[in-house]
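The exercises below are meant to be worked with the coordinates open.

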Amino acid sequence: MPLQTHSENKVFGGRLGVYSHASTTCQVPMRFSLFLPPQTGSKLVPVVFWLSGLTCTEDNFTVKAGAYRVAAELGLAIVAPDTSPRGEDVPDNEAYDLGQGAGFYVDATQGPWRRHYNMDSYVTRELPDLIRDSFPLDWHRQSIMGHSMGGHGALTIWLKNPGLFRSTSAFSPICAPSRCPWGQKAFTNYLGPNSSAWEDHDATALMRKGGSGTMRPPILIDQGTDDPFLAEQLMPEVFQEACTEVGQSLRLRFQEGYDHSYFFIGTFIEDHLRFHAAELATV
């Protein structure tokens, strides 16, 4: 589908664009940002997807993360999609943790959500295919990372699609959504009340089910110790236990005094980009 360009700016020698298109997966216009590093003009560069958290759009990471100086140095393209479909005809909820801005990176199976809320398929198929048709990038070298709800999305999508993304990392991810209020609310609405249907969208359950005997690169997770959602919603120790059980290498770093905000992300985003660059063999 043709792209509509909303803005393009030169950034650290590269180009940052914000685009929209008519999505066949979500059946509404969808927006995303794309940073192309300066190396794009001379070679095919690898791609890192960023998935944002609850209430965010593609704009939060684009404006606040401070990622593009390092991405330009490392030769990484970065794609940041919106977190859900949006529009007057798209189902919503008055709460911030369900509906628009809270797609949870699943393909909904329940009404009224299933027509539009297909963020899993959008991130893994439609959006990469769209960008592939418009920009020359190295689609054999992809990684995925995210924050909070987007950290949940990055971990689950990486685990469910072996070979599609070489590496994954996350900031403050929702690690066991089947066991926390955010996840239980979203999954009940999007996927139905049968909790067995939730396991394919729960990083801890996926790790226990499919991690054993699978050779995967390490996972990097940063978690702030002053995050107000840490104990009730995020549960990184539960995911760590699952990784230990199946022999998955995990670097879980508790960062003293940091919270859930983009100040935390901006402090450590360079570490994550260098982590992915090493896995993508760009340095």
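**Exercise 1. The chain as a whole**

Of the contacts in the chain with a separation of 6 or more, what percentage is accounted for by residues 24 or more positions apart? Then describe the overall dimensions and the burial of the chain.

Solution. Bear in mind at the outset that the model is predicted. Residues 24 or more positions apart account for 71% of the contacts with a separation of 6 or more. Next, count the secondary structure, which comprises 9 helices and 9 strands. The radius of gyration is 18 Å, close to the 19 Å that the globule rule gives for 283 residues, so the chain is as compact as a globular protein of that length. Along the principal axes, the C-alpha atoms fill a box of roughly 50 × 45 × 35 Å.

**Exercise 2. The setting of D222**

Is D222 buried or exposed, and which side chain does its own side chain join in a polar contact?

Solution. First place D222 in strand 8, which spans residues 219–224. Its relative accessible area is 0%, under the 20% cut-off, and therefore D222 is buried. A polar contact of 2.9 Å joins its side chain to that of Q255. Leaving aside neighbours within four places in sequence, the contacts of D222 include A170, F171, S172, R253 and H272, as well as F264 and F268.

**Exercise 3. A loop aspartate, D138**

Where is D138 found, and which polar contacts does its side chain make?

Solution. Start from the loop between helix 3 (119–134) and strand 6 (142–147), where D138 is found. With a relative accessible area of 14%, D138 is buried. Its side chain reaches the backbone nitrogen of H140 at 3.1 Å and makes a polar contact of 2.7 Å with the side chain of R141. Beyond its neighbours within four places in sequence, D138 is in contact with L44, V45, P46 and V47.

Methods. Residues are numbered from 1 along each chain as its sequence is written. This is a predicted model: local features need pLDDT of at least 70, side-chain atom pairs count only at pLDDT 80 or more; totals for chains, interfaces and linings use all residues. Side-chain values use heavy atoms; hydrogens and water are left out. Helices (H or I, at least four residues) and strands (E, at least two) are DSSP runs, numbered from the N terminus. Buried means under 20% relative accessible area, exposed over 50%, partly exposed in between (1.4 Å probe, protein chains only). A polar contact is a pair of N or O atoms within 3.5 Å; within protein, one must be able to donate a hydrogen and the other to accept it, and residues adjacent in sequence count only if both atoms are side-chain atoms. Contact means heavy atoms within 4.5 Å. The radius of gyration is taken over C-alpha atoms; the globule rule is 2.2 Å times the number of residues to the power 0.38.
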